[in-house]
Amino acid sequence: MSSAIDLLDDCIADLEAKLNLSPGEVLPASASAAAVAGGDKKHQSKKKDKKQGGGGKQKAKPPKKQKGNVANDDQPDICKLEFKVGQISKVWTHPDADKLYCEEIECGEPKPRQIASGLRPYYTEEEMLNQRLLVVSNLKPKNLVGFKSHGMVLCAAETNEDGSENVKFVEPPADAPLGEVITFEGLPTPEPFSGAQVEKKKTFKACLPGMKTTDEGLAAWDGHVFVTSAGPCKTSIKGGAMR
């Protein structure tokens, strides 16, 4: 009967022959990894054939397609967007864009969101820092002059007599917690779309015509006020478009 050492030597010799190696020659690291990977694949293939039966002649059934979250298209368009209470914790000027600020915004998430906003003509850095606001949080990230922006801040605008614009933040109540998702007076609880769905269906663009502040400066969509657990969201601009 062959000893264990003899059997091992035979296995090594057989492997050296298959790899065209001289006896005792060291296998290069890259070739070793490839050989192990190839052996694993063959082993897995044999196991698969055994499970299927008939030496692999029987075709395996294709896996069933899993359905993802189905978007609720029947809800009002504004409910397909997600607005979160946020606060700017860090702000700096974009090095390559004259009108852009780069911000880090606390939204009750594990880490701050980085967002770029074209607000340099309207706010100083000091005014931006610690500002409480609303973040449109389910937009697909976009590169703005090399800075990846994960959402946008919501503002209201009005045109002055000289043709210039006045732009102000839409602000949540002081007691509204960071990260709270906005609801809309008189509308069902929002079921926000994914960023890809919002972009594909042009949901934000569809909502813009109805997004206006009331005569009291309350943020609203088609008259439905933006509300938090601490009350409505508002701005100093009355009857202005929101964007």
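Mentor: One term before we start: contact, or touching, means heavy atoms within 4.5 Å. Also keep in mind that this is a predicted model.

Trainee: OK. Which residues does glutamate 103 touch, not counting residues up to four places away in sequence?

Mentor: Ile88, Lys90, Val91, Trp92, Arg113, Gln114, Ile115, Ala116, Ser117, Met128 and Val153. Glutamate 103 itself lies in strand β2, residues 101–106.

Trainee: Is glutamate 103 buried or exposed?

Mentor: Buried, yet glutamate 103 has no salt bridge. The nearest side chain of opposite charge is arginine 120, 9.6 Å away.

Trainee: What polar contact joins its side chain to serine 117?

Mentor: One of 3.0 Å, side chain to side chain.

Trainee: New topic. How many salt bridges are in the whole structure?

Mentor: A search finds eight. One of them pairs arginine 113 with glutamate 109, at 2.9 Å from N to O.

Trainee: Why does arginine 113 count as buried, but glutamate 109 as partly exposed?

Mentor: The cut-off for buried is under 20% relative accessible area. Arginine 113 is buried because its value is 15%. Glutamate 109 is at 21%, so it counts as partly exposed.

Trainee: Which salt bridges link distant parts of the chain?

Mentor: Glutamate 199 and lysine 142 make one, with their closest N and O atoms 3.1 Å apart. That pair connects helix α4 to strand β5, across 57 residues. Glutamate 165 and arginine 243 make another, at 2.8 Å.

Trainee: What does isoleucine 78 contact, leaving aside neighbours within four places?

Mentor: Phe83, Phe184, Leu187, Cys207, Met211, Trp221 and Phe226.

Trainee: Last one. Where does pLDDT stay under 50?

Mentor: Residues 20–25 are one such stretch, with five contacts beyond four places in sequence. Residues 45–51 are another, with two such contacts. For the chain, the mean pLDDT is 84, and 72% of residues reach 70 or more.

Conventions. Residues numbered from 1 in each chain as written. Predicted model: local features only at pLDDT ≥ 70, side-chain atom pairs only at ≥ 80, totals over all residues. Heavy atoms only, no water. Helix = DSSP H or I, 4+ residues; strand = E, 2+ residues; numbered from the N terminus. Buried < 20%, exposed > 50% of the residue type's maximum accessible area, 1.4 Å probe, protein only. Lys, Arg positive; Asp, Glu negative; His and termini not counted. Salt bridge = Lys/Arg side-chain N within 4 Å of Asp/Glu carboxyl O. Polar contact = N/O pair within 3.5 Å; in protein donor to acceptor, adjacent residues only side chain to side chain. pLDDT = per-residue confidence, 0-100.
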